[in-house]
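Here is a short report on one protein model.

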Amino acid sequence: MSPELFWAFLAASILISITPGAGAINTMSNGMRYGLRRTLPAIVGLQVGLGIQILVVGAGLGALLASSELAFMLIKWVGVAYLIYLGISKWREKAVDIESSSNDTPREGALTRFWKSVLVNVTNPKATIFMIALLPQFLDPALSRVTQFTIMGVTMIGIDIMVMCGFAGLATLVARWLRSPRQQRLLNRLFGGLFVFVAGLLATWRA
């Protein structure tokens, strides 16, 4: 990949990462509740999911999803159902009374946050189709596809880690001003509604 092509791909990767989506909502939701450090497992989970998406496209399975109506619809509706589940769970989530010294509110473990985040990206066929359209634009037919896909995959994941850490950090700062249970319940319902909204967008999206 030439330097010019790489910088163009880097710019595209940044734009993709900063565009709000299910991953960003998931990260900000965790950042609000757990803080930046404890959101890291969720961020890593998103990157595992993204890496799987890249492998799918690189292995040619992405083209199969794009051409197979049944495969696409199956993954699409699994993704829709999962986002709705996350939205309902977030809507019903209990607030944490930060002002109280005794906080017995149960919280999700790191592994739970990790696997939930993996599924957020894995069950998003729109990302797969988008990468099918995007990645070939930056491939040089004269060079190794494996090497080029590796470079692009590492770049996309690296950029997304930085952007998601930024989202989580911002959410952590905002959470300091939302200390009462009532404010947190409103915020939980906001994020829950956003998850369902993204699910609705995915449900109406056509390849």
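Patches are made of residues with over 30% relative accessible area and no salt bridge; like charges are joined within 9 Å, and nonpolar side chains (Val, Leu, Ile, Met, Phe, Trp, Tyr) within 5 Å. A salt bridge is a side-chain nitrogen of Lys or Arg within 4 Å of a carboxyl oxygen of Asp or Glu. Accessible areas come from the Shrake-Rupley method with a 1.4 Å probe, and for residues only the protein chains shown count as cover.

The model is predicted: local features need pLDDT of at least 70, side-chain atom pairs count only at pLDDT 80 or more, and totals for chains, interfaces and linings use all residues. Residues are numbered from 1 along each chain as its sequence is written, and side-chain values use heavy atoms, with hydrogens and water left out.

**Surface patch**

I14, L15 and I18 make a nonpolar surface patch of about 260 Å². I18 sits in helix α1, residues 3–18. Its relative accessible area is 43%, so I18 is partly exposed. Here buried means under 20% relative accessible area, exposed means over 50%, and partly exposed is in between (1.4 Å probe, protein chains only).

**Helices**

The protein has 8 helices and 0 strands. Helices (H or I, at least four residues) and strands (E, at least two) are DSSP runs, numbered from the N terminus. Buried residues make up 41% of the 207 residues.

Helix α8 covers residues 181–204, which is 24 residues. From first C-alpha to last, α8 reaches 35 Å, close to the 34 Å expected at 1.5 Å a residue. That expected span is 1.5 Å times one less than the number of residues. The buried residues of α8 include Q184, L187, N188, F191 and F195. An α-helix has 3.6 residues a turn, so residues three or four places apart point the same way.

**Largest pocket**

How much space lies in the largest pocket? About 820 Å³. A pocket is an open set of points on a 1 Å grid over the protein atoms alone, where a 1.4 Å probe fits, with protein on both sides within 12 Å along at least five of seven lines; lining residues have an atom within 4 Å of a point. The volume is the space filled by probe spheres set on the points, which are joined across faces, edges and corners.

The largest pocket is lined by 29 residues, and the closest to its centre are I16, T19, G21, A22 and N124. Elements giving two or more residues to the lining are α1, α2 (22–58), α5 (110–122), α6 (125–134), α7 (145–175) and α8. α2 gives the most, with 8 residues.

The table lists C-alpha distances.

| Pair | Apart in sequence | C-alpha to C-alpha |
|---|---|---|
| L10 and I159 | 149 residues | 8.2 Å |
| G166 and L36 | 130 residues | 8.9 Å |
| I157 and G49 | 108 residues | 10.0 Å |

L10 is in helix α1. L10 is buried, with a relative accessible area of 16%. G166 lies in helix α7 and is partly exposed at 40% relative accessibility. I157 is found in helix α7. I157 counts as partly exposed at 22% relative accessibility.
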